[in-house]
Amino acid sequence: MAKTKQGKKDVDLYTIRGTNKVVRVGDCVLMRPSDSDNQPYVARVEKMEADGRGSVRVRVRWYYRPEESKGGRRQFHGAKELFLSDHFDLQSAHTIEGKCVVHSFKNYTKLDNVGPEDFFCRFEYKAATGSFTPDRVAVYCKCEMPYNPDDLMVQCDACKDWFHPSCMGMTIEQAKKLDHFVCSDCVKENGSKRLSNAYATSPNSEPKAESKRQRR
C-alpha cells in the first residue's frame with residue numbers, strides 16, 4: 001500500500017463485506033442505493049484508500065442507466081445498457097454489494113448467455129450537458145433506429161441491411177423460421193421475389209456488410 005495525504009493509504013484490494021469477492025481498482029461494482037426499492041447503482045472503481053482506523057473509501061466513476069440521463073430511455077436502448085459518465089464520487093466501500101461486468105457493445109452481442117451481472121456500454125455521457133460520445137451511431141431498418149441487442153433482426157440478402165420483423169410485416173415467430181430474406185425495397189428495385197426462410201440473427205453476430213447510415 002502506498003501512503004497518501006493525512007495518514008491515508010492506497011489500498012490494492014477490498015473484500016466485499018459478507019462475501020469472498022475481492023474488488024480491485026478498475027473493477028465494476030454494484031453499489032447499494034439509498035432507496036432499497038431502486039436497482040443497485042453501477043460504478044467503476046478508480047481508487048481505494050484506507051484511513052488510520054481501517055475504514056476504506058472508494059473513488060468511483062458512475063455509470064448511468066438510460067432513464068437516469070437527460071434524454072431518458074429510448075426504443076433502441078438495451079435492457080442492460082449503461083452510459084459511462086463523467087460523474088465521479090467518493091463512497092464508503094461498505095456500500096459495495098457485489099461485482100459486475102460492463103462489456104463493450106461488440107463483446108456483449110457475442111455473449112451466449114447474459115447473466116444478471118452482465119451489462120454493456122457504447123456511449124460516454126456528460127452529466128452536466130446531457131451530451132454523448134460518440135454522438136452518431138449506425139442505424140438500421142426502415143425505421144432508421146440504432147441496434148438494440150434485445151431485438152431480433154433479419155438481414156436482407158440483397159442490400160445486406162438489417163430489419164426488424166415488425167417493420168417488414170412479420171411476427172418474431174415467422175422471422176425465426178426464415179432461411180433467406182429480401183427486403184421490400186430490393187424487391188421493388190430488382191424485381192426479385194422475396195425469398196422465404198431468412199436467417200434471423202443480429203447486426204453484430206457476423207462481420208457482414210452494415211448500413212453506413214448514421215444517427216445522433
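**Labels and their cut-offs**

Visitor: What makes D51 count as partly exposed?

Guide: The relative accessible area of D51 is 24%. Buried means under 20% and exposed over 50%, with partly exposed in between (1.4 Å probe, protein chains only). D51 is therefore partly exposed. The model is a predicted one: local features need pLDDT of at least 70, side-chain atom pairs count only at pLDDT 80 or more, and totals for chains, interfaces and linings use all residues. Residues are numbered from 1 along each chain as its sequence is written, and side-chain values use heavy atoms, with hydrogens and water left out.

Visitor: Which residue does D51 meet in a salt bridge, and how do you know that the pair qualifies?

Guide: D51 meets R53, with N to O at 3.7 Å. The term requires a side-chain nitrogen of Lys or Arg within 4 Å of a carboxyl oxygen of Asp or Glu, so the pair of D51 and R53 qualifies. R53 has a relative accessible area of 76% and is therefore exposed.

Visitor: How many salt bridges are there in the whole structure?

Guide: A search finds eight. One of them joins the side chains of R44 and E46 at 2.9 Å, N to O. R44, with a relative accessible area of 24%, is partly exposed, and E46 is partly exposed at 28%. Another joins E67 and R73, whose closest N and O atoms are 2.9 Å apart. E67 is partly exposed at 41%, as is R73 at 39%.

Visitor: Is E81 buried or exposed, and how do you know?

Guide: The relative accessible area of E81 is 1%, so E81 is buried. E81 lies in strand β7, residues 81–92; strands (E, at least two residues) and helices (H or I, at least four) are DSSP runs numbered from the N terminus. The chain has three helices and 15 strands, and 41% of its 216 residues count as buried.

Visitor: What makes a polar contact of E81 and R122?

Guide: Their side chains come to 2.7 Å. A polar contact is a pair of N or O atoms within 3.5 Å; within protein, one must be able to donate a hydrogen and the other to accept it, and residues adjacent in sequence count only if both atoms are side-chain atoms. The side chain of E81 also reaches the backbone nitrogen of G78 at 3.0 Å.

Visitor: Which residues does E81 touch beyond its sequence neighbours?

Guide: Not counting residues up to four places away in sequence, E81 touches R65, P66, F76, F120, R122 and F123. Contact here means heavy atoms within 4.5 Å.

Visitor: What sits over the ring of F105?

Guide: The charged end of R122, 4.5 Å from the ring centre. The rule asks for NZ of Lys or CZ of Arg within 6 Å of the centre and within 35 degrees of the ring normal. K80 lies over the face of F119, at 4.6 Å from the ring centre.

Visitor: How many aromatic pairs does the structure hold?

Guide: Eleven. In one of them, the rings of Y41 and W62 have centres 5.8 Å apart and planes at 75 degrees, so that pair is edge-to-face. Rings of Phe, Tyr and Trp (its six-membered ring) pair if their centres lie within 6.5 Å; planes under 30 degrees apart are stacked, over 60 edge-to-face, the rest tilted. Y41 belongs to strand β5 (residues 41–50) and W62 to strand β6 (residues 56–64), 21 residues apart. Y41 is partly exposed at 30%, whereas W62 is buried at 10%.

Visitor: Why is the pair of Y64 and Y125 called tilted?

Guide: Their ring centres are 5.4 Å apart and their planes stand at 50 degrees, so the pair is tilted. Y64 lies in strand β6 and Y125 in strand β9 (residues 118–126), so the pair ties together parts 61 residues apart in sequence. Both are buried. Y64 and Y125 also form one aromatic cluster with F83, F123 and F132.
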